[in-house]
Amino acid sequence: MISATIIWGAAFSAQSSAMQYVKPVLFIALRSAVGVAALAAVIALSDILRNRKISLWGNAGTPDERKELLTGGLWCGICITLASILQQCGVQYTSAGKTGFLTALYIIIVPVLGIFIKRKTGFSLWIAVIFALCGSHLLCGGITDIDRGEWLVIACAFAYSLHILVIDRYAGKCDCMRLSFIQFTVATIISLIISLVFERELFLSGILSSMPFWLFCGIGSSALAFTLQIAAQKHLHPVTASLLMSLESVFAVLGGWIFLHETLSLRELSGCAMIFAAIIIPQIPFNKKNS
């Protein structure tokens, strides 16, 4: 999971840079398509090395198992498309670093949503939620000062929360790579349709100029990192997964500083520090129940 967060954190800088050349939803379609191609190649190679027939289904041999794989891939695809579009639209108006930390608000949202599906959450996690909420307040300058881009990224955090909970539902029952392949196939189709309807202007020069960014995000962020997430969530409580995933915010700030020369004010850095503390607190074994 931590390996995935490093890739996601670096991807924020690539996402921000790509907006100079292409529209946000087209960028999502391009990176998702690359993710599909990369995962298809890995799945095919894996089947060949195992002397198996190349198949979408893998170990899903029965009709019920195949239905579970398709259903899980569909819902994961819808959630990841919504989250990605909101995030990509938001990054046009705010810094890569701030986008990373606001996206990490799903560490608050996941345990709250978990209440409705009867997922128990320990005391230390709720302490972390309070820290994260205070940190987000400092990072954004207060509820009245949140701009359009920040609201879009906060909405993205809700969509990512749903994505985490959906993966928690299906990850233990489905092949990770095939579930990821289906989710990005769905994401490619949905985002391409939305781009053709609402963005319309498709410039080949812009697509070619932004190629390094959507190739990196497609292969690294989509194909590799999200497959790592699905594999990791087979062994993690969804709240613990969300806390580890929010480390991407730290790498997003570092990436924005290194690649885009972005800086944060003392107040914003204080907010980042509080959100980072929120990530660490639940990992401290205060007692057996919370460890």
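Predicted model: local features only at pLDDT ≥ 70, side-chain atom pairs only at ≥ 80, totals over all residues.

Biologist: How many helices and strands does the protein have?
Modeller: There are 13 helices and zero strands; both are DSSP runs numbered from the N terminus, helices being H or I with at least four residues and strands E with at least two.

Biologist: What share of the residues is buried?
Modeller: Buried residues account for 54% of the 291, where buried means under 20% relative accessible area with a 1.4 Å probe, protein chains only.

Biologist: Turning to H2 and H10, at what angle do their axes cross?
Modeller: The axes of H2 (residues 24-49) and H10 (residues 211-232) cross at roughly 55° and come within 7 Å. Axes are lines fitted to C-alpha atoms over the stretch in contact, with angles from 0 to 180 degrees between N-to-C directions.

Biologist: Which residues of H2 meet H10?
Modeller: Among them are Phe27, Leu30, Arg31 and Val34, and their partners in H10 include Phe213, Trp214 and Leu215; contact means heavy atoms within 4.5 Å. By class, the contact of H2 with H10 has 12 nonpolar, five polar and one charged residues. Ala, Val, Leu, Ile, Met, Phe, Trp, Tyr, Cys and Pro count as nonpolar, Asp, Glu, Lys and Arg as charged, and the others, Gly among them, as polar.

Biologist: And what does the C-alpha trace span along the principal axes?
Modeller: The span is about 55 × 55 × 30 Å.

Conventions. Residues numbered from 1 in each chain as written. Heavy atoms only, no water. Buried < 20%, exposed > 50% of the residue type's maximum accessible area, 1.4 Å probe, protein only.
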